[in-house]
Amino acid sequence: MPFVQGVMGIFPVTKLNGVETEIKKSSFSAISWFNGQYARDFESYFAANIGFRSVVIKIINQIKYELFRDVSRDKGTEIIIGSDDWLFEKVYADRLIFDHAMPETQLIMFSELMSQVQIKLAEKGVAFLLIISPSKAEIYKEKLPESILARLPNKNMPTNRERLITYLKKKKYTILMPMIFF
Amino acid sequence: MIFSSLIFLSIFLPIFLSIYYAAPSKYRNLVALSGSLFFYSWGAPKFIFVLIGSSMCDYLISKRIHTNTIGSLSRRYWLICALVINLSVFLYCKYINFFVDQVNIILDALNMQCIAWSRVVLPIGISFFTFQKMSYIVDVYRGVQPAGSLGTYILYVSLFPQLIAGPIVRYHDIAKQLVKRNHNSNRMFAGIWRFSIGLGKKVLIANSLGELADAAFNAPACSLTTAGAWIGIFCYTFQIYFDFSGYSDMAIGLGKMMGFEFLENFNAPYISRNFTEFWRRWHISLSNWMKEYLYIPLGGNHKGPVRSIANLWIVFILSGFWHGAAWTFIIWGCYHGLFLTLDKFASSRRNRAMPAPLSIPMTFLFVAMGWVWFRANSLPLAISYFGRMFGITQPPQGTVDIIGMINGQVLLALPAAVIFSFSPIIFEKIGKQDNKIFIPQGQALTAARFFFCMLLTLASLASLVSSGFNPFIYFQF
């Protein structure tokens, strides 16, 4: 039935909102068959255009949201739901959990890189202002999910930013930290 | 094309079964053969010629073997000829890249020029159909009647339910069914039931746990916590079981739909009390093949304890290597060989067997640890993963939050995986009592199974529609 619906479009179905790349129908040729391209393209096209796809995706997303408070996510951008239905990118919430765990070597490398940038710009008469901006998760910590809040590190432990500042201060940067305004 | 793809479920399978059952009985093998060749060429359009060409070679040689007297030198000559051809193709396609890489490592260490090499692409399913072809040749050598026609033989090799990832079907197990088999509604419904169970195992359980396992093994080991490393390996332990046994269920189900009865490939391996029992329950078709065509011809356990242990190690090193051209697979084979050797010593000393509540979890734990070798992409990664599991290496630095990745699907899939992996113990216990729990009978059972089957299939389809490509683990072999 999904195949018939996909081909004939008997039932009207609303389209999905969101970022989707349109996959075009592949054309058959001996070359595309023998190098496997036709099969891959056909499968991608079929999967993207199978009947009732948008309905099924909406149902699955709704079930995930109602049962698990999971929001549909693309592999590169995972979204989590906090209190009052606030949305956060999970990668920034994870960074808060491991906010003390960046290796020293990485901090030193970053400060050295910034130093080189500063020197190069100074040679051209350009002032260098380093802005360390906080993430949404950092500013609105209280809106994060309980599961994240419970795993945040001890406030007494120096954060990655605080550790980085100690290296940056040695290089005499002009640093702007918007965090001080929140 | 894989069984859990939308194109297979929505287009290929319905059309194939329609044509298969619409065709008169005498043409059903032809339909099965055409469908199987199309199925294979869809995924591997160039290698279909390797499959057909080598099968033609086997068939012609099998005729020669059959015409020569049992025990004659020429009969043995043709057997060796066929085995050499099959093994040469297999070894070249699967292992030549590995051997060239090892030679280049040595040459590089000696500051010599490395071999310039264009990597050979591995034909899908070659590990499985090569073993099936060798099984046919040896069976004919031992006196089994060869296939009645080239078409029948190619059907045996290429039958799509088991072509790509098994079960490895020995020729003598299926020879009669290739000629004549029963098609009835009971078998058809049993096939649909089995197929839907397998689909659910793969899509709903294995895929969900696989995301966590992949995250753990793809992360730099230095960024994993000990808990994260253990969660990763337990997820992989269940992923590989449900992935592979799910595929086997689908293959067996598809076979039933076509009137074939394949042998079982899994029998609750994680309730094993030792590694010997594990290999009677895990990938049974491979164990049977190795036992019949390698272990016993080497002498089995009839040439004394030392030779018996040596034969065991040969079988398991080759088993490991069969799974993949990498040192990690060889070490995995040796790991299992070691525990099987220990089992032999334990049984020879007639020690009282460890009680099941202790032996089952212990065996499960050691099997799970063995999967680290199987899953890790390299030796250093495997070693560093073990280091994280036991907290031996440096404390983690980084942001790979395995625990944070446990979502609703994993919270459902993991307990389901545990229950279904260990439930045979419960059913054994129930069976010994007086059936105190209600088990539906007759029409109620049929209706319940039908409803469950539909629910499982719909849930699996919905999951597939809303997710991306999901190759089987054993697909790569």
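Here is a walk through chain B, from its overall build to a few of its residues and then to its interface with chain A.

The model is predicted, so local features need pLDDT of at least 70 and side-chain atom pairs count only at pLDDT 80 or more, while totals for chains, interfaces and linings use all residues. Residues are numbered from 1 along each chain as its sequence is written, chains are lettered from A and ligands numbered from 1 in the order in which they are written, and side-chain values use heavy atoms, with hydrogens and water left out.

Let us start with the whole chain. Chain B has 18 helices and zero strands; helices (H or I, at least four residues) and strands (E, at least two) are DSSP runs numbered from the N terminus. Its C-alpha trace spans about 70 × 65 × 50 Å along the principal axes. Of the 477 residues, 53% are buried, meaning under 20% relative accessible area with a 1.4 Å probe and protein chains only (exposed is over 50%, partly exposed in between). Among contacts (heavy atoms within 4.5 Å) between residues at least 6 apart in sequence, 77% join residues at least 24 apart.

Now zoom in on helix 6, residues 150–158 of chain B, where seven of the nine residues are buried. These buried residues are B:T152, B:Y153, B:I154, B:L155, B:Y156, B:V157 and B:S158. Their cover includes helix 2, helix 3 (48–67), helix 5 (126–141), helix 7 and helix 8 (171–179) of chain B.

Helix 7 (residues 160–163) holds B:P161. This proline counts as buried because its relative accessibility is 0%. Beyond its neighbours within four places in sequence, B:P161 is in contact with B:F3, B:G166, B:Y247, B:A251, B:L254, B:G255, B:M258 and B:F262.

Another residue worth a visit is B:T341, in helix 14 (residues 327–348) of chain B. With 9% relative accessibility, B:T341 counts as buried too. A polar atom of its side chain lies 2.7 Å from the backbone oxygen of B:G337. Outside the four places on either side in sequence, B:T341 is in contact with B:I309, B:L312 and B:W313.

Finally, let us turn to the partner chain. At the interface, 27 residues of chain B are in contact with 27 residues of chain A. The two chains bury about 2500 Å² between them, 69% of it on carbon and sulfur atoms; buried area is the accessible area (1.4 Å probe) that two parts lose on being put together, summed over both. In chain B, the residues that lose the most area to chain A are B:W42, B:D401 and B:V465, together 23% of what that side buries. The elements of chain B giving two or more residues to this side are helix 1 (6–22), helix 2 (28–43), helix 17 (408–432) and helix 18 (442–465). Helix 1 supplies the largest share, four residues.

How values were computed. Polar contact = N/O pair within 3.5 Å; in protein donor to acceptor, adjacent residues only side chain to side chain.
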